[in-house]
Amino acid sequence: MSTTHIQPLPNVRGRMSYTELGEGKKRTRNIREQTNRIAAQMGDMGTREDFIRFCSAMRRQSQGTRLNEGYELRVSWSPEELSRDSPEDIQRACEYGYALCKEVAPNAPCWVTVHTDGEGGCVHVHATIANHDLVSGTAIAHGTDHATVKRKNDRLSREMGFTVVGPEPARERTTWAERKGQFGIESFERVLGNRVADARDHASNMEEFREELKVRGVELTETRKVDEKTGEETVGWSYKSRDPYGKSRRKRRRRASNLADDLTREGIEAYFEAKQRELEAPEQDAPAPEVLPDVPETAEPAAQPSADSALDVYDLDRAYVSEMASDLQKAHIHRSREEGKSFMDERYERLVEARNHPDEQLAKLRDDVDAARREFHASKEARDTLQHPCPGLLAGMHVFAKAGCNARDPVSRMMADMTAMMLHMMIQQVLAEERRRQREEAERRVYESRKNMWDAEKRLKAAEKALSNEDEREKRLKSERMRRRVKEAEQRAPVRTPRSADKDTQFDE
């Protein structure tokens, strides 16, 4: 479990000097021996000195309107959770401190220092955040109070596998569509929730839902509990499936309530009940079709939006870029930690740049989309495909999108939209089937390599057994040879006459 504390820093240089050398006798000894107390460090500048100068320059540039050059965020873990003797735990603490800084102030530079020389022997970090937002160009406006920092620290601790002090916060009833964005792209919770939600959407009742779960490799377990006082019985669901991104690809389990409320037993039953009511609704309750007035042939057609290509309906937004960069950043940190290496590389810097400056990335993406649209319009192959009696999926989407826009009555537009949706679902199914095939191929290669490993172990055990049998046979032969030699020696020895106790008789006297 971790504890946090945040405080303003009018002078960043003094605090950074303390985190590097300490104070009192410890500082004197470090200066004399040219050592420091830094166990690990990382930041957004080239060196510690560059970060200190940046904080000081930003405060001077504000011409006295800023009271603080930055903020210090301290995070400490118990020795049972992170050991100061483990390099992996020290690096994990450093990466966690950096990630927490980005949760508190996403657009502000920071510098993280890890210490292991505390009195209690706890691993702790001193994370300094510059009081300057690179996007707005102003000081950090909010998010530096202790309650906000504690809340963000608890949420990030749960995401990164640390324990949290205190009870779990009360959750509001959520749906998986709202909830899945809170998990990482390659997290087990997101993969499992997508499988369960997909099985629910392709089923019409509870029996079909259970069959769809089996098809997707998900096991459903029911846990029944009875209250001793009231006698009320409650049923809880949990889902179990194989983690495709885990190190050992083992099966893991999650309670349905930890994923989303609409994936629990009550949520699934309510979903199928609502779906059944929709099917049983009488047709006469449907609204009558709209009758349009006759339009003279000489009248000009109403202006319709351009639909020369299916690409024209796609538009980028600034929020898409920031959200995607943030998800990719978390996935990159998770994968680097699993591979046992630091995530501070060129790719991570590009992701941070995209998250801090989404406008520039948005402009580049829009240029790429515009270029793709121009290439599509100018391509002779695309025009020939549209004239072919059996166009492809992309051409079919173009035809139905254009037909839907040019249709004058609501029924025609509705049919064109439904057809376009069906084509979209077909493309998704094809992509899902391709991903499933690739996953099965990867699993097959893993199983083959595991089989080869087991065969090698069997051959090794057989060789060891053969050597052991050979040693026993040699010992047995050696023992038999010794017994045979002793017997031969006894046979070659002369026969001695036993001596009599009577001396006169023995010498014939």
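Visitor: Why is Phe209 called buried?

Guide: The model is a predicted one. In it, Phe209 has a relative accessible area of 0%. Buried means under 20%, so Phe209 is buried.

Visitor: Why does Phe272 count as buried?

Guide: The relative accessibility of Phe272 is 7%. The limit is under 20%, so Phe272 counts as buried.

Visitor: What makes the pair of Phe209 and Phe272 edge-to-face?

Guide: The ring centres of Phe209 and Phe272 lie 6.1 Å apart, and the planes stand at 65 degrees. Rings pair if their centres lie within 6.5 Å, and planes over 60 degrees apart count as edge-to-face. The pair is therefore edge-to-face. Phe209 belongs to helix α8 (residues 206-215) and Phe272 to helix α10 (residues 265-280), so the pair ties together parts that are 63 residues apart in sequence. Ring pairs also link Phe209 and Phe272 with Trp237, Tyr239 and Tyr271 in a cluster.

Visitor: How do you know that the buried residues of α8 are on the same side?

Guide: The buried residues of α8 are Met206, Phe209 and Leu213. Around the axis they cover an arc of only 50 degrees, which places them on the same side of α8. An α-helix has 3.6 residues a turn, so residues three or four places apart point the same way. The other side of α8 carries the exposed residues Glu207, Lys214 and Val215. The cover over the buried residues of α8 includes α7 (188-201), β6 (219-226), β7 (233-242) and α10.

Visitor: Why are the buried residues of α3 said to line one face of the helix?

Guide: In α3, the residues Arg48, Phe51, Ile52, Phe54, Cys55 and Met58 are buried. Seen down the axis of α3, they fall within an arc of 160 degrees, so they line one face of the helix. Turned away from this buried side is a face with the exposed residues Arg53, Arg60 and Gln61. Among the elements that cover the buried residues of α3 are α1 (12-21), β2 (40-43), β4 (110-115) and β5 (124-130).

Visitor: What makes the pair of Trp77 and Phe162 tilted?

Guide: Trp77 and Phe162 are 5.7 Å apart, centre to centre, with 40 degrees between the planes. Planes under 30 degrees apart count as stacked and those over 60 as edge-to-face, and the rest are tilted. The pair is accordingly tilted. Trp77 lies in strand β3 (residues 70-77) and Phe162 in the loop between α5 (146-159) and α6 (176-179), so the pair ties together parts that are 85 residues apart in sequence. Both Trp77 and Phe162 are buried.

Visitor: What makes Arg200 a charge over the ring of Tyr271?

Guide: Arg200 lies over the face of Tyr271, at 4.9 Å from the ring centre. The distance limit is within 6 Å. The charged end of Arg37 likewise sits over the ring of Tyr18, 5.1 Å from its centre.

Methods: Residues are numbered from 1 along each chain as its sequence is written. This is a predicted model: local features need pLDDT of at least 70, side-chain atom pairs count only at pLDDT 80 or more; totals for chains, interfaces and linings use all residues. Side-chain values use heavy atoms; hydrogens and water are left out. Buried means under 20% relative accessible area, exposed over 50%, partly exposed in between (1.4 Å probe, protein chains only). Helices (H or I, at least four residues) and strands (E, at least two) are DSSP runs, numbered from the N terminus. The arc is that of the directions from the helix axis to the C-beta atoms. Contact means heavy atoms within 4.5 Å. Rings of Phe, Tyr and Trp (its six-membered ring) pair if their centres lie within 6.5 Å; planes under 30 degrees apart count as stacked, over 60 as edge-to-face and the rest as tilted. A charge sits over a ring if NZ of Lys or CZ of Arg is within 6 Å of the ring centre and within 35 degrees of the ring normal.
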